[in-house]
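Subject: Structure handover

Hello,

Here is the structure for your files. My notes on it follow below.

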Amino acid sequence: MLVIGHRGSTVDRPENTMPSFARALEAGADGFEFDVQLSADGAPVVIHDETVDRTTDGSGSVAGLEAAGLRRLDAGSWFDPVFAGLRLPLLDELLAEFSDRCTLNLELKTEQADLALVERCLAAVNRHEALETVVFSSFSWDCLQLLRERSSAARVGVLYVPDKEEGAFEAAATLGAATLHPHVSAVDKKLMARCRKAGLDIWTWNANDEAEVRRLRDLGVAAVFSDDPAAAVAALTN
Ligand code: G3P
Ligand code: CA
């Protein structure tokens, strides 16, 4: 079972920052997950929330700020003063550093069919020749459809919340997805059997304690996301 750092290694680094991603790999993770949105001037920027308020020293919506302004923000101090001065990563910067090192899960962080986001992310991934190492996921299946229409080779994972299981299976079939990304609470023998029948692997979020990680491994889950990739790796090796 693969261990994927959720936004990097968020137990000990500020989420969605370069040190968080590096830490996940140091901890033995096979890769990491991150969230991408567009700045006001169309640059793909790595950040989870719609606003910068929680994870930087700034305020306002990501979509309302230009890349240069976003890059001036401090994305580390909110977590711990020792990380003062960390910048929000640009997708290009992340891919330059990590795309030949590990599995990457790029979450298109939108609830709508956002063509600009899809095209800019796909262009960046292609520029870095990373189409084989990046799995694109999104709660917006319309967004994944736009991606599929533009790349038959892109690896697609269908993210969903537990009450959307039926739709997720249909979307996975339509999209030619290889993976389903349910919450851990939805993963049981029944779901595993259904996925096996449909030829889908499960990448599930998030497991942070050892017993849960082992439960998922024993069920046959292909990948687990964790905020604490070191603990997840330890659960599988001890
Ligand atoms: O990809 C799994 C997980 O990242 C989805 O939830 O809110 O952490 O982006 P969220
Ligand atoms: Ca995410």
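Buried means under 20% relative accessible area, exposed over 50%, and partly exposed in between, with a 1.4 Å probe and protein chains only. By that rule Glu 107 is buried, because its relative accessible area is 5%.

This is a predicted model, in which local features need pLDDT of at least 70 and side-chain atom pairs count only at pLDDT 80 or more, while totals for chains, interfaces and linings use all residues. Residues are numbered from 1 along each chain as its sequence is written, chains are lettered from A and ligands numbered from 1 in the order in which they are written, and side-chain values use heavy atoms, leaving out hydrogens and water.

Asp 35, in strand E2 (residues 31-38), and Glu 107, in strand E4 (residues 103-108), are 72 residues apart and link distant parts of the chain. Strands are DSSP runs of at least two residues (E), helices of at least four (H or I), numbered from the N terminus. Asp 35 counts as buried because its relative accessibility is 0%.

Ser 39 lies between E2 and strand E3 (44-46) and is buried at 5% relative accessible area. Beyond its neighbours within four places in sequence, its contacts (heavy atoms within 4.5 Å) include Val 45, Val 62 and Leu 70.

Regards
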